[in-house]
Amino acid sequence: MSSMQQEVDERTNLTGNNKFELFLFRLGTSENSTQRELFGINVFKVREIMEMPQVTAVAGSHPHMLGVVNIRGQIVPVIDLPMAVGCTASNGLRILMVTEFARSTQAFAVEEVDEIVRLEWNQVLSAEQTVGGGLITSIARLDGDTDKTRLAQVLDVEQILRNVLPSGDPDVDKSSIGPTVKLPTGSVILAADDSSLARSLIEQGLTAMGTPFIMTKTGKEAWEKLQAMTEQAKAEGKTIQDKVALVLTDLEMPEMDGFTLTRNIKTDARFTGIPVVIHSSLTGTTNEDHVKGVGADAYVAKFVAAELAATIRKVLAK
């Protein structure tokens, strides 16, 4: 257990070129298979792992919530992750995976931790809602593009958290958004996020701001859309700056991550003057330093619509 914890601590310092590290674990078996499949989340979201402590049940809580635990004075909700994704942990819930993302701390009970693997984002393919009922963002090919590669399902833990612990507040409070964000005539915000939940929230937020936008599902799709729009602008006797006022990107995305997308934009003279705002559930000093390193114009944590609006307004005013 201690060696795995040390591995988490060391590898969260990774700064890669379109690379990331996936924390793998097992949740038991599902109705459709007796095989104990691999699941994973980005190692940046894992704060610590520990043997399963005593959990205090909470009256009236969601069926997928085991209760709460006290971790060094902090009361942390515990989610039964196998149950949340439709698995049965035949070997019991032996490990607690404490995570930090989307401005919150929560713990997921899992059957067993496996390993941490370093991958290229192009080894990860978008799953969308055709797989896992919206709980899976992507499928990772752990051994590369081979017929015998092991596969791991990358969980949309933001969606799972939303399902189990829904907020009582509206996702977008129009009264807090402020005045309409004015873009130059004919231009849009180009946005990229692989999570269906995140895309829905972003779309609601940008609509409330009054800004036209184009939504894409991966960094690669956003990059290809930017290329196509550049050619279209050229054919119309315009520049890409006439068509794209700002790029809004997530960090964790299959095929091409937000770091690489930002770096590509900022090192290509064609896109000079187009600001990039990174919008991510990955928070903390390390990630913010990485954002500065690739030249992003701003970083805003998911998801508070008023903060997103304020950040976009500030960047466009520069």
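Where is the place of serine 61? Select serine 61: its place is in the loop between β4 (46-51) and β5 (65-71). Helices (H or I, at least four residues) and strands (E, at least two) are DSSP runs, numbered from the N terminus.

Before moving on, note that this is a predicted model, in which local features need pLDDT of at least 70, side-chain atom pairs count only at pLDDT 80 or more, and totals for chains, interfaces and linings use all residues. Residues are numbered from 1 along each chain as its sequence is written, and side-chain values use heavy atoms, with hydrogens and water left out.

**Stop 1: serine 61**

Stay on serine 61. It counts as partly exposed, at 27% relative accessibility. Buried means under 20% relative accessible area, exposed over 50%, and partly exposed in between (1.4 Å probe, protein chains only). Show the side chain of serine 61: it reaches the backbone oxygen of valine 58 at 2.9 Å. That is a polar contact, a pair of N or O atoms within 3.5 Å; within protein, one must be able to donate a hydrogen and the other to accept it, and residues adjacent in sequence count only if both atoms are side-chain atoms. Serine 61 and valine 164 are 103 residues apart in sequence, yet their C-alpha atoms are 8.7 Å apart in space.

**Stop 2: the loop between β8 and β9**

Select alanine 102, in the loop between β8 (95-101) and β9 (104-110). Its phi is near 50°, a positive value in a residue other than glycine. Alanine 102 is partly exposed, with a relative accessible area of 26%. Next select arginine 103, found in the loop between β8 and β9. Arginine 103 has a positive phi of about 65°, although it is not a glycine. At 41% relative accessibility, arginine 103 counts as partly exposed.

**Stop 3: the largest pocket**

Keep alanine 102 on screen and turn to the largest pocket. Its volume is about 730 Å³. Of the 45 residues that line this pocket, the closest to its centre are Ala102, Glu158, Arg162, Leu201 and Phe303. The elements that give two or more residues to the lining are β1 (19-26), β3 (38-42), β12 (136-141), β13 (151-155), α3 (157-164), α5 and α9 (305-316). Colour the lining by type: 23 residues are nonpolar, 9 polar and 13 charged. Here Ala, Val, Leu, Ile, Met, Phe, Trp, Tyr, Cys and Pro count as nonpolar, Asp, Glu, Lys and Arg as charged, and the others, Gly among them, as polar.

On a 1 Å grid over the protein atoms alone, a pocket is an open set of points where a 1.4 Å probe fits, with protein on both sides within 12 Å along at least five of seven lines; lining residues have an atom within 4 Å of a point. Grid points are joined across faces, edges and corners, and a volume is the space filled by probe spheres set on the points.

**Stop 4: helix α5**

Which element gives the most to the lining of the largest pocket? Select α5, which gives 4 residues. The 14 residues of helix α5 (residues 196-209) should span 20 Å at 1.5 Å a residue, and the end C-alpha atoms are 20 Å apart, which agrees. The expected span is 1.5 Å times one less than the number of residues in the helix.

Start at the N-terminal end of α5. Serine 195 caps it, with a side-chain oxygen 3.3 Å from the backbone nitrogen of leucine 197. The buried residues of α5 are Ser196, Leu197, Ala198, Arg199, Leu201, Ile202, Gly205, Leu206 and Met209. Just after α5, glycine 210 takes a positive phi of about 80°.

**Stop 5: salt bridges**

How many salt bridges does the structure hold? There are 21. A salt bridge is a side-chain nitrogen of Lys or Arg within 4 Å of a carboxyl oxygen of Asp or Glu.

- Select arginine 26 and aspartate 114: their closest N and O atoms are 3.3 Å apart. The pair links distant parts of the chain, with arginine 26 in strand β1 and aspartate 114 in strand β10 (residues 112-120), 88 residues apart. Arginine 26 is buried at 18% relative accessible area, whereas aspartate 114 is partly exposed at 27%.
- Select glutamate 236 and lysine 243, which meet at 3.1 Å, N to O. Glutamate 236 counts as partly exposed at 38% relative accessibility, and lysine 243 as buried at 12%.
- Finish with Arg36, Arg94, Glu111 and Glu112, linked in a network of salt bridges.
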